[in-house]
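Work through the exercises below with the model open. Each task is followed by a solution in steps.

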Amino acid sequence: MRNVAVLGATGSIGGSTLDVIARHPERFRASVLTAHHRVEALVELCVRHRPELAIVADPAHERELARRLADAGVRCAVASGADALVAATSGNLCDTVVAAIVGAAGLESTLAAARAGKRLLLANKESIVMAGPLLLQAMAHGGGDLIPVDSEHNALFQCLPGGRPDLSRSGVRRLVLTASGGPFRGRRRAELAQVTPEQACKHPNWVMGRKISVDSATLMNKGLEVIEAHHLFAAPIEAIDVVVHPQSLIHSMVEYVDGSVLAQLGNPDMRTAIAHALAWPERVESGVTPLDLAACAPLQFEAPDLDTFRCLALAFQALRAGGDAPAVLSAANEVAVEAFLAGTLAFLSIADVVEAVLAELPAQAVVDIPTLLERDRAAREAARRILRKAC
């Protein structure tokens with residue numbers, strides 16, 4: 001029996017995780033559930049899954065959470081705040097942590113789980129984008145398993161011998177990440193000037209949260225995944241490639257020096273990667289509809305348009321700059337996407353804000369978490385200042 005802490009339980013990854021857990025009550029138990037501020041949704045999940053601990057990240061909602069749980073007849077501990085998240089992920093209530101908190105807010109709890117030797121199912125890509133070397137050091141110290149839940153990286157994990165091997169010794173030539181192209185694939189810059197948040201969040205294949213949906217529309221999500229692949233698999237920048245595959249059936253590929261290309265295929269449903277990571281090295285039923293290749297042929301592939309979707313090029317730029325440039329990129333992007341979703345920034349200007357912040361804050365070495373968080377704050381302040389001037 002694995003006791004699982006689901007961080008970000010009310011989000012799309014959290015919901016998919018809990019669906020898989022519910023299918024295998026003899027193997028998995030949701031022992032800790034967390035949410036940022038959606039108290040009502042968290043209570044509903046607690047009624048269904050009966051965790052030992054429920055955490056709301058915003059302390060202002062702790063009393064309401066406790067009252068609602070009591071009214072619903074759910075007897076579990078209640079806590080709030082960042083310290084409670086860290087204590088839960090490092091404590092004895094769980095041996096497995098699904099890190100699905102969006103953005104930099106998930107960094108400290110993810111690192112705590114790594115240091116404590118938990119099986120870490122990484123869905124919070126910002127943690128490894130911001131602090132890749134520090135997260136890998138924490139994993140080495142804790143001795144736990146790091147299994148990516150992003151569909152692309154989970155696909156690479158499945159196509160590589162042993163999951164995360166030495167690539168050069170394994171005969172790997174390239175890691176190929178696939179991108180759907182998002183809702184605006186094939187459009188040129190002039191066609192995207194009046195894009196609305198509703199249009200950007202309407203992904204053709206995946207059901208995701210609003211922030212990650214916008215990142216998919218700008219291809220920043222794929223850029224963050226390039227950085228994530230670099231850290232997860234110790235892959236040189238020149239050995240990572242991106243190809244647009246609009247059907248989202250091939251989730252990633254590994255090309256070997258002998259000419260072989262291994263691909264992981266499946267219907268676009270996050271439960272496949274989550275079930276794989278929860279049960280690894282075994283396999284369990286995920287609830288995903290089997291793939292019918294004859295029904296979905298033909299499969300398409302094309303090169304990404306880096307002139308229109310500049311965020312992907314900016315991510316490669318940050319990776320080449322090294323140090324904390326990826327953290328600066330991620331922070332600036334979060335602020336820009338928030339402004340776009342609020343209706344105060346044009347879609348095409350998201351890349352402009354990120355580029356300006358990268359120019360203002362040249363890369364520095366990643367030393368420790370406090371320094372990294374300070375740079376994260378500086379990047380956010382720079383992005384907000386740029387936004388104020390633009391308005």
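**Exercise 1: a salt bridge between strands**

E255 is buried, with a relative accessible area of 12% (buried means under 20%, exposed over 50%, partly exposed in between; 1.4 Å probe, protein chains only). The model is predicted: local features need pLDDT of at least 70, side-chain atom pairs count only at pLDDT 80 or more, and totals for chains, interfaces and linings use all residues. Residues are numbered from 1 along each chain as its sequence is written, and side-chain values use heavy atoms, with hydrogens and water left out.

Task: find which side chain meets E255 in a salt bridge.

Solution. 
1. Apply the criterion: a side-chain nitrogen of Lys or Arg within 4 Å of a carboxyl oxygen of Asp or Glu.
2. The partner is R174, at 2.6 Å, N to O.
3. E255 lies in strand β10 and R174 in strand β8 (residues 172–179), 81 residues apart (strands are DSSP runs of E, at least two residues; helices are runs of H or I, at least four; both are numbered from the N terminus).
4. R174 is partly exposed, at 27% relative accessible area.
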